[in-house]
Amino acid sequence: GCNQLSAFWRVVLPLVRPGLITVAVFAFLFSWGEFLFALSLNTSENVQPVTVALNKFIGQYGVQWNKLMAVATTIALPIILIFASLQRYIVGGLVAGSVKE
């Protein structure tokens with residue numbers, strides 16, 4: 001007794017929500033960790049991702065480990081928070097259809 005949009009919001013979207021969240025989290029993770037594409041094709045430092053900043057602490061004569069680890073920890077925090085908050089949706093999206101209910 002409802003139109004197509006209402007059926008989409010009430011039936012289809014709740015069924016595909018774990019899969020959509022899983023795909024969104026993996027897409028964010030892959031784009032957040034992109035290094036080679038950003039380093040080779042970006043010409044401006046203003047639009048490079050933060051993972052490229054890690055490369056600046058590795059020099060020809062040594063590595064500035066204290067700064068490298070501080071930035072790496074800061075870069076990893078959003079990924080850890082996203083996975084911790086969306087863990088049940090990610091697991092639900094990964095195992096959807098693999099178990100018999």
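pLDDT is the predictor's confidence in each residue, from 0 to 100. This is a predicted model, in which local features need pLDDT of at least 70, side-chain atom pairs count only at pLDDT 80 or more, and totals for chains, interfaces and linings use all residues. Residues are numbered from 1 along each chain as its sequence is written, and side-chain values use heavy atoms, with hydrogens and water left out.

**Exercise 1.** State the average pLDDT of the protein and the helices where confidence is lowest and highest.

Solution. The average is 83, and 96% of the residues score at least 70. Helices are DSSP runs (H or I, at least four residues), numbered from the N terminus. Confidence is lowest in helix α2 (residues 36-41), with a mean of 79, and highest in helix α3 (residues 65-85), at 89.

**Exercise 2.** Classify the aromatic pair of phenylalanine 8 and tryptophan 9.

Solution. Rings of Phe, Tyr and Trp (its six-membered ring) pair if their centres lie within 6.5 Å; planes under 30 degrees apart count as stacked, over 60 as edge-to-face and the rest as tilted. The centres are 6.0 Å apart with 80° between the planes, so the pair is edge-to-face. For accessibility, buried means under 20% relative accessible area, exposed over 50%, partly exposed in between (1.4 Å probe, protein chains only). Phenylalanine 8, at 37%, is therefore partly exposed, whereas tryptophan 9, at 51%, is exposed.

**Exercise 3.** Do likewise for phenylalanine 26 and phenylalanine 30.

Solution. This pair is stacked, at 6.4 Å centre to centre and 20° between the planes. Because the two residues are four apart in helix α1, about one helical turn separates them. Phenylalanine 26 is partly exposed at 29%; phenylalanine 30 is exposed at 59%.
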